[in-house]
Amino acid sequence: MVGGLEVGISGIADIMELALGHLDDPDEAIKQILLSELKARNYVPGSSEEEYVSALWVEYKKLRVQRREQLEMSYQGIPREEIPWYPVINPEKCTGCSSCADFCSQGVFKFDGKISHVVKPYACVVGKSSCRSFCPEKAISFPTIAELRARLKKLKEKHGLAN
Ligand code: SF4
């Protein structure tokens, strides 16, 4: 609903899927993705942008909860060490602010006084990557959500688990 009216949006499924590839990005960044993908597919009057984004955001949040639940359920039964989901720090970019080590409650990072290191990769929660947004140097990377899903599908097949 936009302005009290039901409006049709072209490419809504693609817009949502693209935004769901950024599950743990900050909300404002996701809203920007929603808006730019919306405008790439639809005419959006400047005066209505905010209302469109609000409508998309409501839908996105519902889908985000579902997607997180799916990801959590989808790795049950697979040994965690087989799932290549953990942060990688580019030591050339890390300036040693220690934000990642301070933020992560799982103890994935260790700050050695100069830079941070990933010391417990498999303690990382599968599908979560919010630490990335805390790094001011963009030194932390993860696989994409699409890569994770493809890998989980293969691992479930390997372990004879239902997909
Ligand atoms: S948040 Fe980024 S720059 Fe700061 S210690 Fe971690 S990896 Fe290095």
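This is a predicted model: local features need pLDDT of at least 70, side-chain atom pairs count only at pLDDT 80 or more; totals for chains, interfaces and linings use all residues.
To see them, select residues 12–74, which the domain assignment gives as domain 1, and colour residues 81–158, given as domain 2, in another colour.

Next, look at where the domains meet. Ten residues of domain 1 are in contact with ten residues of domain 2. Select helix 3, residues 49–74: this helix supplies four residues, the largest share of the side of domain 1 that touches domain 2. By type, the residues on that side of domain 1 are four nonpolar, two polar and four charged.

Now select the ligand. How many residues surround the ligand? There are 15, and the closest are Cys94, Cys97, Cys100, Ser116 and Cys135. The shell around the ligand is made up of nine nonpolar residues, five polar residues and one charged residue.

Keep Cys100 and Cys135 selected and go on to the largest nonpolar core, which has 13 residues. Cys100 and Cys135 are among the residues with the most contacts inside this core, together with Cys104, Val108, Phe109, Cys131 and Ile140.

Then centre the view on Ile140. Which residues does isoleucine 140 contact, leaving aside its neighbours within four places in sequence? They are Pro87, Ile89, Cys100, Cys131, Arg132 and Cys135.

For the last stop, select Ile15, Ile30, Leu34 and Tyr60. These residues belong to a second, separate core of eight residues.

Methods. Residues are numbered from 1 along each chain as its sequence is written. A residue is near a molecule or strand if its C-beta atom, placed from the backbone, lies within 6 Å of it. Ala, Val, Leu, Ile, Met, Phe, Trp, Tyr, Cys and Pro count as nonpolar, Asp, Glu, Lys and Arg as charged, and the others, Gly among them, as polar. A nonpolar core is a set of buried Ala, Val, Leu, Ile, Met, Phe, Trp, Tyr and Cys residues joined through C-beta atoms within 7 Å. A residue is buried if 20 or more other C-beta atoms lie within 10 Å of its own, exposed if 12 or fewer, and partly exposed in between; C-beta atoms are placed from the backbone. Two residues are in contact if their C-beta atoms, placed from the backbone, lie within 7 Å. Domain bounds come from an automatic or database domain assignment. Helices (H or I, at least four residues) and strands (E, at least two) are DSSP runs, numbered from the N terminus.
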